[in-house]
Amino acid sequence: MSDAALRERVKELVVECLFLDVAPSSINDDDNLMEVHGVDSVNLFEIVVALEEDYGISFEDEDFDVETFSTVTSIAALVERKQAEA
Amino acid sequence: MRGAPTAATARAAESSVEIVSGERLLRAVVHLPSHEPPRAALVFVHPFAEEKKCSHRVFVEMARAAAVAGCAALRFDFSGCGDSSGTFPEADLGAWRRDLRAAFRYARERLGAKRLGLLGLRLGAALAAELAEEELELACLALWEPVVEGERYLTLTMRRSVMRRRLTAHEGGVELDEEGEEEDEAAEIDFDGYLVSREMQEQIAEVDLLDEPKAYPGPTLVLNLSGRAKVSPAMAKLASQYVSGEALPVRQEPIWSTVGLVDAGPTIGATMSWLTRALGV
């Protein structure tokens with residue numbers, strides 16, 4: 001999957017899993033999801049399960065920090081890294 | 001459901017009751033429909049720890065909707081939870097299984113319904129599914145986002161707790177310390193704010209609903225509650241293990257982990273529609 005395709009899929013997951021009332025395409029890659037889209041930081045965890053299911057990857061405790069899950073770009077980078085490690 | 005509820009039919013009696021479970025006293029609420037006898041009765045099985053607290057109101061709303069449709073409901077608190085006796089750190093799944101059987105007996109003997117069903121959420125759904133394997137005459141089994149693999153459930157919940165603390169630390173929340181490393185040796189673990197005994201942790205880890213085909217032959221609903229349009233592989237597999245199993249995706253915020261009021265209309269609506277088909281209520 002290309003970088004662009006991965007980011008688009010992450011946007012779809014963000015909208016689905018966090019029940020955002022916006023089109024995935026309206027999310028910019030580097031938007032801070034909490035600041036720009038009002039995402040509750042605690043609910044970000046819902047993305048984790050979906051990412052693990054869809055990409056067959058597994059996150060470790062140390063992966064969970066606010067910077068990693070703050071933007072589509074950073075989430076996509078984490079997925080790529082995890083896929084490379086698998 | 002037979003027609004839309006009117007002001008008159010919407011009146012349902014609710015009363016607090018006590019259920020004896022061994023040496024424990026369980027507190028419960030009975031919801032009875034306005035006409036007697038009830039067409040059926042549902043025993044509600046609540047989830048674990050913080051998930052119980054978050055989903056309390058949804059259970060109340062579901063029980064009231066069932067009563068309006070002519071189906072009695074029994075909501076009870078497991079030992080160490082809510083108003084029931086005992087303390088949470090003392091709780092173990094063996095005691096909770098006894099509690100559930102006691103509540104089920106109470107419903108069979110006291111609610112006046114010939115048909116009994118079970119409705120559980122998360123770990124409560126797993127316990128309901130276990131009881132259904134013993135009570136094959138059960139009229140129906142509704143599993144809301146059941147915990148299908150206890151080990152994964154524990155892992156995800158602990159991770160959620162870690163993530164919450166890390167993500168909220170920058171908002172003035174509690175900073176992480178070294179306690180996580182020390183917990184490996186502790187008799188109890190801090191499970192998302194609740195002290196859980198090692199015994200309970202090990203018992204939960206043993207929960208595995210996907211291990212083998214199920215004997216329970218009656219109508220079984222597996223509701224997959226998420227923002228996704230498709231049923232997850234685990235939920236689909238679980239439903240397929242039942243003779244009359246059906247898995248449905250419901251677009252619903254996580255009612256077990258959302259703090260504050262949640263519109264549970266999608267979940268309650270899907271369940272009531274299924275009950276209408278399954279039981280004719």
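Predicted model: local features only at pLDDT ≥ 70, side-chain atom pairs only at ≥ 80, totals over all residues.
Visitor: Why is H1(A) called roughly perpendicular to H4(A)?

Guide: Helix H1 (residues 3-18) of chain A packs against helix H4 (residues 72-85) of chain A at an angle of about 115 degrees, and their axes are 9 Å apart. Angles of 65 to 115 degrees count as roughly perpendicular, so H1(A) is described as roughly perpendicular to H4(A). The crossing of H1(A) past H4(A) is right-handed.

Visitor: Which residues meet between H1(A) and H4(A)?

Guide: Among them are A:Leu6, A:Val10 and A:Val14 in H1(A), and A:Ile75, A:Ala76 and A:Val79 in H4(A). Sorted by class, this contact of H1(A) with H4(A) has seven nonpolar, one polar and four charged residues.

Visitor: What makes E1 and E10 of chain B edge strands?

Guide: Chain B has an open sheet of eight strands in the order E1-E2-E4-E3-E5-E6-E9-E10, with mixed pairing. Strand E1 (13-21) and strand E10 (244-251) each pair on one side only, and they are the edge strands.

Visitor: How do you know that strands E3 and E5 of chain B pair?

Guide: Two strands pair if at least two bridges are found between them. Strand E3 (residues 40-45) and strand E5 (residues 116-121) of chain B have five bridges, in the parallel sense, so they count as paired. B:Leu42 stands opposite B:Gly117 in E5(B).

Definitions and conventions
Residues numbered from 1 in each chain as written. Chains lettered and ligands numbered in written order. Helix = DSSP H or I, 4+ residues; strand = E, 2+ residues; numbered from the N terminus. Axes fitted to C-alpha atoms, helices over the stretch in contact; angles between N-to-C directions. Parallel < 35°, antiparallel > 145°, perpendicular 65-115°, else oblique. Left-handed = near helix turned anticlockwise from the far one by under 90°. Contact = placed C-beta atoms within 7 Å. Nonpolar A, V, L, I, M, F, W, Y, C, P; charged D, E, K, R; others polar.
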